[in-house]
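Visitor: I would like to learn how to read a few features of a structure. Please take them one at a time.

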Amino acid sequence: MTRRGRGRPPHPDILTPAEWRILDEVRTGATNAEIAIKLGISPYTVKYHVSNILGKLELRNRRQIATWQPERERVRLPQLVGARLRAFLAPLALLPKPLLGVAAATVAVLVAVPTIVMAILLTRPDEPVNVLLSPGPSPTPAAGATATPTPAATPDPSPTPEATPEPTPEPTPEPTPEPTPEPPIDSTPNALGIREVATDEVFVRLEYAPGELITEDAGLFFLDVETGAVEGWQSVGGVALSASPSNRHVAVEGALHDRESGRTFSWESTALRREAWSDGDSVLLERLDGDGDNALRRYVVVGPSMEPEAEFDTPAGWSISAWRPEQGALLASGGGQLHVLRLETAEAVSFDHPGGDIHVFPSGEGFATVSSPGGSIESQACRVLRYDWSAALVSEVAFPCADAGIAGTGVRLSPNGRWIAVTTRALDPGTDPMGSSVLATLSLFNAMTGEEILRVQGATLPVQFGGTPWFAGGDALLVQSVLGLQIVTVDGQSRTPSQALYSGWLRLAPDNPSLVGSFHAVSSLDGETLAAANFEAPPDMWIGSWGAESREYRMYRAPGGIGVSSFFPTILPSVQLPPFDDSLTAEVVVDTCLNVRAEATTESEIVVCLPPERVVELVAHPADGYVVEGPCVADDLYGNCVWVHVLTEDGEQGWAYADFLRWTGIPLVPDPAPPAPRG
């Protein structure tokens, strides 16, 4: 399906002036980025015009644009003038000779009239020339001229025909040039066995106007954030597709398509396997054709034309973690070690791998390893070791953390590598069979020094989230609280985003802190939908993600939909700045008083009723050791079903319903209206 509609009035020419300019630049072999720089427009505007040119001219790729010829080629100005005059004068040759002199003199006068010349010049080659001549006085013989005698009336042997008006001369049509056939694709395999093939042999391209219903239930779709148009790709064999970090390439095993050049390449999957993309236009392939021995794995780097640019070997036991051509380095793991291979010299630096996750900073400043003992949600020690691309250890910090296996816990490094976000405390309810952590604390640490700079009591890393919680730039992140998602900056400021962002599979844009992607749409933090794909399938059947930039949002269907956890922390959140108090203290938030009961139920005896702003400490029950209990009350505010065991300043103990408590510190959001007392 290919449909286009931009709301612009139709242009009388086959292409608009802007499209003619883009076509001329494409013929020079320039890329979209180069054209954008030369013409002073955005690359996506260039892409939009190229797409329109392909549709209007019924072409498939940029190579066909370069060889396309219009039905009537545009003529240079001198040729145009000569052709128009010849076309206009051609009928005069048919006049009788006595009239030819008069006609020629008349034409000479007309040619001298600028307006007539301009009318000819301004007419396009494929439009007829219509010239309107006003009749003037008959020419009078000049003084001294001999008048032609009038012959005597002599019977004319044949009747004089009546004067017939001469027809308006039509221009001689220029011959229509034969269209230049598209040069055949040279499918001869190169030295690696890679050959160029017709795109429709491997892929199916789909295009949808903004808002157009997409009935397809499989494929990879790119939503243009600026225009709302959608470009879809499917494989001929129905195999799932992947995209490069820049969104320039779509690929299946053994083939890829370059969306910028319009070229498609294929190779034997038994001889080459695509191993990694660069952030630019290069691809890393692993040789499987026996060129390396059993102790080596051989790789080849290919450029946009899929011609080999470089080769290197690694030991067979290595597993590539990151390939960074711009840093001239390859990061791999194997044999309990990390290895940094310098691509130019083939030298490798190896060092012990402490285990855990490997984070590569998008800023290019290096990478880090994150290790945690795991196995418990109690606070334990995690470590972050940071390296530069020479494999030098830049910093090593240790900090408390909760087990990364629990929803909403774990460690997340900021994109710039400066900050660490980690759940440092997660206490679960004693009677909850799911064991969801409900008393949680999120802390921010300086990744270079290990200093704790901020605590958010009553918050975790987002559970209903599909990507990093850090905004572009790395100085703010999303956190999950009982009130939904909140934005917290590293200096302790907070903000509530739109209600539209409170649920869903969210992706923060990698280079624009004001854009958020969800299932199939892109919004602002204020909840304004900027672009959306109109899929026939339910929204939660689609997963979205960004590439290296936020110009396009790519989407694919998730088999069976997306499972979203219902976990939320309890107790109203607050921000704490140094110095920190490690005790669990909360403030009563209620309009009258909060009942503290002997047991975690509304039928239990009331021990004391606490007034607003009273501070209590959360402590373990002396008999069973639980800090958190259940069940729910009938009209629970936030759906957490949580009671907490508290100790007052007067030494009184009992169970209080968590809806009416807020962690001490700076409220993460302005206080809501105090709830009516319950429980």
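**Reading strands, disulfides and a sheet**

Guide: Start with valine 628, which lies in strand E41 (residues 628–629). Helices (H or I, at least four residues) and strands (E, at least two) are DSSP runs, numbered from the N terminus. This is a predicted model, in which local features need pLDDT of at least 70 and side-chain atom pairs count only at pLDDT 80 or more, while totals for chains, interfaces and linings use all residues. Residues are numbered from 1 along each chain as its sequence is written, and side-chain values use heavy atoms, with hydrogens and water left out.

Visitor: Is valine 628 buried or exposed?

Guide: Buried means under 20% relative accessible area, exposed over 50%, and partly exposed in between (1.4 Å probe, protein chains only). Valine 628 has 0% relative accessibility, so it counts as buried. Tryptophan 655 is 27 residues from valine 628 in sequence, with a C-alpha to C-alpha separation of 8.9 Å in space.

Visitor: How many disulfides are there?

Guide: A disulfide is a pair of cysteine sulfur atoms within 2.5 Å. That rule gives 2 disulfides. One of them joins cysteine 382 to cysteine 401, at 1.7 Å from S to S. This pair links distant parts of the chain, 19 residues apart: cysteine 382 is in strand E20 (residues 380–387) and cysteine 401 in strand E21 (residues 393–401). The link of cysteine 382 and cysteine 401 is right-handed, with 75 degrees about the S-S bond. Both cysteine 382 and cysteine 401 are buried.

Visitor: Which cysteine is joined to cysteine 593?

Guide: Cysteine 593 is joined to cysteine 609, again by a disulfide with S to S 1.7 Å. Here too the pair links distant parts of the chain, 16 residues apart: cysteine 593 is in the loop between strand E37 (585–588) and strand E38 (594–597), and cysteine 609 is in strand E39 (residues 606–610). The torsion about the S-S bond of cysteine 593 and cysteine 609 is about 90 degrees, so this disulfide is right-handed.

Visitor: Why does cysteine 593 count as partly exposed?

Guide: Because its relative accessibility is 24%. Cysteine 609, at 28%, also counts as partly exposed.

Visitor: How do I read a sheet?

Guide: Strands of a sheet pair through backbone hydrogen bonds, either parallel or antiparallel. Two strands pair if DSSP finds at least two bridges between them. An open sheet of 4 strands here has the order E29-E30-E31-E32, and the pairing is antiparallel. Its edge strands, E29 (507–508) and E32 (529–532), each pair on one side only.

Visitor: How many bridges join E29 to strand E30?

Guide: There are 2 bridges between E29 and strand E30 (residues 515–517), which run antiparallel. Leucine 508 stands opposite valine 516 in E30.
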